[in-house]
Amino acid sequence: MARITLEHLAHSYNPAPKVEEDFALKELNHDWIDGEAYALLGASGCGKSTLLNIISGLLIPSQGRVLFDGRDVTTAPTADRNIAQVFQFPVVYDTMTVRENLAFPLKNRGMDTAEITRRVQKVGRMIDMEAQLDRKARGLTADAKQKISLGRGMVREDVNALLFDEPLTVIDPHMKWELRTQLKQLHQDFGHTMIYVTHDQTEALTFADKVVVMHGGRVVQIGTPQELFERPAHTFVGYFIGSPGMNLFDAEIEGSQARIAGASVALDGHYTAQGRTQVGVRPEFIRVAAEGAGIPARIRRVEDVGRHKIIRLEVDGARVNALAPEGAAIPAGADRITFAPEGVNVYADDWRISAGGEAA
Ligand SMILES: Nc1ncnc2c1ncn2[C@@H]1O[C@H](COP(=O)(O)OP(=O)(O)OP(=O)(O)O)[C@@H](O)[C@H]1O
């Protein structure tokens, strides 16, 4: 296990980058805490694989350093980093049996046979392939082969880090859940530093202690699932995480009041905001009402989705979503919305600010 430090790290695939847009990965400084499980989450093309490949040594960054427990490994080849990697598509030896595939990384390191047998058996059980250990990998389904790749990633207990690049893409939905649970268990048992790349928020939020959200080549927030839900640091985090995502209202911020669609909303303190100002409120924190103060809103439709209802609204020409518990009644003649104060976030030019005007 190792602490992984990224210092002034940035990467451009253009050999002579001039402007920030030339960088697929914008400058990043971060310590990945030893033994934590991280998910790198973001839409396609946001730079997740670029960052992972720099950590694994497949790519040398155009700027900055990578340290493993303080040792500079920026230009060290993958083989010298003592990491295990699992990619999106299976990497297995077809002519070997499942058992031999799983044992391969251990044999390579000269581990004694009894210990290899013990570990292979254990991992075989974790990936639900105990019965197939003596089958050749050739002819197995892509899904089974990917389980072998995952097993090979998990079989060593002495690695600095385990890196996963969308490893469950080819796995069927039920097994996905099972394997994710196994990976989490493995993390609890061995405390490996794990970095897991995905564009699927459920996968990220259920797997990781901390989620690193990337957008346009930039890390926009690193936080626990709860922090990302309650205090999205960037409007992208609000929109990308949650179902439906956070609502954004154009707002004029006047001290401790926000004006939205002609109505006043009390804020939790005094704000000095510049640029484009918005108020972000997740659907869970919006209530519909028929009387009292509120922002004028029109209900377009109500969708019952099992545990709760999604209320689709229109506010000042924009689409807004609210969530209500399944049994909650929607007041007759509802024509306004209010916000639960703890769910209100203020943004200036897409970044969350806190009372006092500081970036949050
Ligand atoms: N070898 C390369 N040469 C030039 N540009 C590249 C190369 N690899 C990636 N890019 C560009 O860098 C940006 C980040 O790509 P990257 O693969 O890191 O994103 P990602 O978030 O992993 O996406 P995906 O989920 O689709 O794999 C994209 O604009 C991509 O087109």
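I looked up the spacing of the domains and found that the centres of domain 1 and domain 2, taken over C-alpha atoms, are separated by 38 Å. The chain is divided into domain 1 (4-240) and domain 2 (247-353), with bounds that come from an automatic or database domain assignment. To the contact, domain 1 gives six residues and domain 2 gives eight residues, where two residues are in contact if their C-beta atoms, placed from the backbone, lie within 7 Å. I sorted the domain 1 side by class and noted two nonpolar, three polar and one charged residues; Ala, Val, Leu, Ile, Met, Phe, Trp, Tyr, Cys and Pro count as nonpolar, Asp, Glu, Lys and Arg as charged, and the others, Gly among them, as polar.

I kept in mind that this is a predicted model, in which local features need pLDDT of at least 70 and side-chain atom pairs count only at pLDDT 80 or more, while totals for chains, interfaces and linings use all residues. Residues are numbered from 1 along each chain as its sequence is written.

Next I turned to an open sheet of three strands, which has the order β15-β20-β16 and antiparallel pairing. β15 (286-289) and β16 (295-296) are at the edges with a single partner strand each, so one side of each has no neighbour in the sheet. Strands (E, at least two residues) and helices (H or I, at least four) are DSSP runs, numbered from the N terminus, and two strands pair if DSSP finds at least two bridges between them. β16 pairs with β20 (residues 336-339) over two bridges, and I noted Arg-336 in β20 as the bridge partner of Pro-296.
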